[in-house]
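Student: I would like to learn how to read a fold from its parts. Can we take one feature at a time?

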Amino acid sequence: MPTDVLVVNIAVLFAVLEADLGRRRVGTFRVLRPLLLAAAVIPLFITHPATGGNGEILELALAGLGALLGVAAGGLMRVSYDRSSQRTVSTAGAAYAALWIVVIGARLLFTYGANHWYSTQLGHWMASNGITADALTDALIFMAVAMAITRTLRLAVGRSQARRRSTHELAV
């Protein structure tokens with residue numbers, strides 16, 4: 001398994017679960033941390049992104065799938081305003097953790113299988129479709145990062161909405 005795929009996936013899983021499980025304050029750093037992680041990961045691991053053909057389509061498709069999974073993850077997290085502490089908080093439980101673990105586990109299992117179980121078949125498919133190993137690796141990284149960024153955007157929007165609702169309720 002390429003080390004970069006393993007490192008990125010484990011880093012994303014750890015960062016998201018550590019930040020989100022249970023009842024957590026939604027502060028600026030919590031919103032910015034995944035964005036900073038993505039800003040560090042992309043240039044560090046994506047050295048030759050596909051700029052055309054089926055490699056680029058695969059990268060965009062898996063980034064889109066990651067965004068959809070991020071929306072699903074965001075739907076499993078509740079964001080509200082806690083009047084007693086006067087802070088925005090999120091609550092995420094077992095279903096949220098399970099989604100992240102299953103998605104990242106599936107991505108790692110695919111990568112392991114690509115190297116140990118069906119490398120010949122995958123290599124034939126990639127050659128037939130003009131997809132390089134770099135494009136496939138990059139697509140998996142884009143998927144992980146897009147899922148984390150989309151979840152972060154959901155958190156930021158939820159934070160803003162919870163604050164607005166709280167201000168509106170106090171005014172009424």
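Tutor: Begin with the inventory. The protein has six helices and three strands. This is a predicted model. Read from the N terminus, the elements follow the order α-β-α-α-β-β-α-α-α.

Student: What box do the C-alpha atoms fill along the principal axes?

Tutor: Roughly 65 × 30 × 25 Å. The protein has 172 residues, and 42% of them count as buried. Next, sequence separation. Take contacts between residues at least 6 apart in sequence: 79% of them join residues at least 24 apart.

Student: Now the sheet. In what order do the strands lie, and is the pairing parallel or antiparallel?

Tutor: The general idea comes first. Strands of a sheet pair through backbone hydrogen bonds, in either a parallel or an antiparallel sense. Here, three strands make an open sheet in the order β1-β3-β2, with antiparallel pairing. β1 (22-25) and β2 are the edge strands, each pairing on one side only. From one strand to the next, the twist averages 25°.

Student: How many bridges join β1 and β3?

Tutor: Four, in the antiparallel sense; β3 covers residues 87-92.

Student: On to the core. Which residues touch the most other members?

Tutor: Again, the general idea. In soluble globular proteins, nonpolar side chains tend to be buried together. In this model, the largest nonpolar core has 41 residues, and those touching the most other members are Val8, Val12, Tyr96, Trp100, Ile141 and Met147. Elements supplying at least two residues each are α1 (3-20), α2 (28-45), α3 (53-75), β2 (77-82), α4 (94-116), α5 (119-129) and α6 (133-171). The largest share, 12 residues, comes from α6.

Student: Pick one of those residues. What does Met147 touch?

Tutor: Leave out residues up to four places away in sequence. Met147 then touches Gly66, Ala67, Leu69, Gly70, Ala73, Leu99, Trp100 and Val103.

Student: Let us look at α4. Which of its residues are buried?

Tutor: Tyr96, Ala97, Leu99, Trp100, Val103, Ile104, Arg107, Leu108, Thr111, Gly113 and Ala114. Note that Arg107 is among them.

Student: Last, aromatic pairs. How many does a search of the whole structure find?

Tutor: Three. A pair of aromatic rings is described by the distance of the centres and the angle of the planes. Tyr96 and Trp100 form a tilted pair, at 6.3 Å centre to centre with 55° between the planes.

Student: Why are Tyr96 and Trp100 about one helical turn apart?

Tutor: Because they are four residues apart in helix α4. Tyr96 is buried, at 0% relative accessible area. Trp100 is also buried, at 0% relative accessibility.

Student: What kind of pair do Tyr112 and Trp117 form?

Tutor: An edge-to-face pair. The centres are 5.2 Å apart and the planes make an angle of 75°. Now check accessibility. Tyr112 is partly exposed, with a relative accessible area of 34%. Trp117 counts as exposed, at 54% relative accessibility.

Key: Residues numbered from 1 in each chain as written. Predicted model: local features only at pLDDT ≥ 70, side-chain atom pairs only at ≥ 80, totals over all residues. Heavy atoms only, no water. Core = buried A, V, L, I, M, F, W, Y, C linked by side-chain atoms within 4.5 Å. Buried < 20%, exposed > 50% of the residue type's maximum accessible area, 1.4 Å probe, protein only. Contact = heavy atoms within 4.5 Å. Phe/Tyr/Trp six-rings, centres within 6.5 Å; stacked < 30°, edge-to-face > 60°. Pairing = 2+ DSSP bridges. Axes fitted to C-alpha atoms, helices over the stretch in contact; angles between N-to-C directions.
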